[in-house]
Structures are given as C-alpha cells and as structure tokens.
Amino acid sequence: RLAVGVLLPSLLLLSACGSGQNESASADGIQERTIKAGIGNSKMHPQGKGMEKFKELVEEKSGGKMKVQNFFDATLGDDQKMTEALQGGLQEVTVPSTSPLVGMIKEFGIYDFPFVFNDEEEAYTVLDGAVGKKLLDKLPEHDLVGLGYWENGFRSLTNSKHPVKTAEDFKGLKLRTMQNEVHLDAFSKLGANPSPMAFSEVFTALETGTVDGQENPLATIQTQKYNEVQEYLSLTNHVYTPFVFLVSKKFWDDLSEQEQEIMSEAAQEAGKYQREVNQKENEKALKYLKEEGMKINEVEPEEMEKMKKAIQPVTDEYAKKFGPDLVEEMMSEVEKVRDK
Ligand code: KDG
C-alpha cells in the first residue's frame, strides 16, 4: 500500500509533465487509443450492430479515452486480409467467420462439418466451453488474440436455377463457397461445382452468373440483397458458422491490464447482444425475403439425412485430419445438451 502511495503521485506528475510515451497514461492505466475494427458485413447486419455495441461499450468503459473506429462492407479487405493486417499490427480488431481461418489453424475446421449442431444452444455449449477455448488458445502463436465467439449462424442455400429439396438437386449447381476445404469438398460430394470466393465478390458473381448460387444465413441474404439476383431460397440450415472476435496480438501486448479487461468485457457483452439480435433478425429476414418474392422451400428431414449421409466420407476424412479426439469431445458436449 505504501509503495502505491509513493508511486502514484510521481506517475501522475510524470504524465502531467507530458513525458514521452506515457504522455496520455494516467493513474487508471488507460491511455488515449484508437482501435481500427473491420468486418465484411454491413452496418445493418447483426454483426454490424454488434460492432457498434462494442464501440459504445469500449468508449463508455474507458471514459472516452479508447475510441473504436468501425469499418464495414469489407472496406479494409476481406476476412483473410484483415486477419493478416492484425498479425502485422496494421489493424486492431476483426471478427471473421472461423471458416477462412482453417488454412492457418486447421482445427477450426471442426465447426465446418455440416449438420453438427441442431440449434444455437448446442453451438453455444461447444463454443463457450472447453473445445471453444482450446481453439482460441491456438491463436496467440499466430500473433492473434481471440476474445470469444459471436454468431454468423445457420447457413441456407440460394440459387437462380431451381429449388433444392433433395440431395440430387445440388447436382451441377455452380456455388460460391467460403475459402474453406471442408465446404468445397462437401459440396463437390453432393455433385455441385463449388468455387471459393471472398465475400465482397459474391453479389457481382451472382449477378453476372459466374455462379448460380451461394449459401449464407438469412440476415446476410437480406442485407447483401442477394434476393435481387437469386430466385430460390432453400432452407437447408446445413452448417452453423461462428464468428471469432480477433485482436492483433501486437496491439494486445501493448495494452495495460485495465485496457485488456475493457476490451475483453466489451467483446463479450457485445457478443451476447449480437447473438440475440442475430436470432431475431434471422427470423425477420425470412419474412422479408418471402415478401420480396423469393421462392422459399423447406427440406424434409429424410432428405436432410440423405445429404448428411452423402457427405459423411468427407466429414470422416477431415475428422482424422483435425484430430479425432477433438471431434469426439465436441460431439460429446453436443450430446449433453441435445433434446434436453
Ligand atoms: O464479416 C464477415 C464476413 O466477411 C463473412 O465472414 C461472411 O459468412 C460469410 C461469408 O460467406 O463469407
């Protein structure tokens, strides 16, 4: 207590004198900082709303000293490019889908297995539990820090050719997928012609007919206006994609404990809010897309089962590659909450 008593006034004095690096440091351990954050989705998307909440919380918790500048619509680049910018210390925050990170940390690919989760609760149990943490712990060796998972959500298929009701209906469809090998192989197995593409290029590719279709959660289909260039929406809900909240490790290591806590709390609180908004807005998006005239169909459970069976060899192969123990751990966590 004595040491603090002696130290504090001298620290205050130092900062009052405006000495070098600590110019804006103060007794509360919070400096003036600007945090550049970017995502691929728009400001209107639930992810955009989550980012605005994050900004509000950081600014509030730091008494206005830490400022967040949000960039939407991939203006700072796509998921992979922004992640690299974080690694290089050129950007502070991004919240990509985990799928394009699989080239860097293969284990994230376990989330790309189709039909693993039946609902959001199952996904949260895995993501917010031991398996989710194990994967976040792999980030620092890649110069990244993960502050938790937000929600992209269950993905459904749109295309310009015909409704997809059966596994056979995938045959011959040219589909855009995320840059992810599990997705590519799974759609190939179903007989589609998938091609990986960055998110910001999707609308034009659909408009010009470079691809026939794409798959994304309903709120994304609405906010990206895919309904303007796609006639059919098939509610396949084939895979759940998490977002992961990433911070540049170079930036993180430079933060004080207090500042780290502010970032961490804000990312988690905003994440909770973002998941809630996401669920509500996906429901609303279904109504909107129907009203806008998309031809929407459900997929019968037996057909879903057939799709699952068709891609089982792909899942088995990747389970070996990503770690059978990890996959088993994920499935046993799902089982704990399934049908409860
Ligand atoms: O902001 C996130 C988007 O960049 C992206 O992850 C959305 O799911 C997505 C996709 O299909 O690329």
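Start by selecting α12, residues 324-337 (helices here are DSSP runs of H or I with at least four residues, strands runs of E with at least two, both numbered from the N terminus). Its 14 residues should span 20 Å at 1.5 Å a residue, and the end C-alpha atoms sit 21 Å apart, so the two agree (the expected span is 1.5 Å times one less than the number of residues). Keep in mind that this is a predicted model, where local features need pLDDT of at least 70 and side-chain atom pairs count only at pLDDT 80 or more, while totals for chains, interfaces and linings use all residues. Numbering runs from 1 along each chain as its sequence is written.

Step past the end of α12 and click D339, which has a positive phi near 55°.

Show A319, K320 and F322 on α11, then P324, L326 and V327 on α12, to see the contact (C-beta atoms, placed from the backbone, within 7 Å).

Next, select 256-283, which an unreviewed UniProt entry annotates as "coiled-coil region". This span is 96% helix and 0% strand, with end C-alpha atoms 41 Å apart.

Terms used. Axes are lines fitted to C-alpha atoms, for helices over the stretch in contact, and angles run from 0 to 180 degrees between N-to-C directions. Two residues are in contact if their C-beta atoms, placed from the backbone, lie within 7 Å. UniProt positions are given in the numbering used here, feature names are shortened, and annotations may be inferred rather than shown by experiment.
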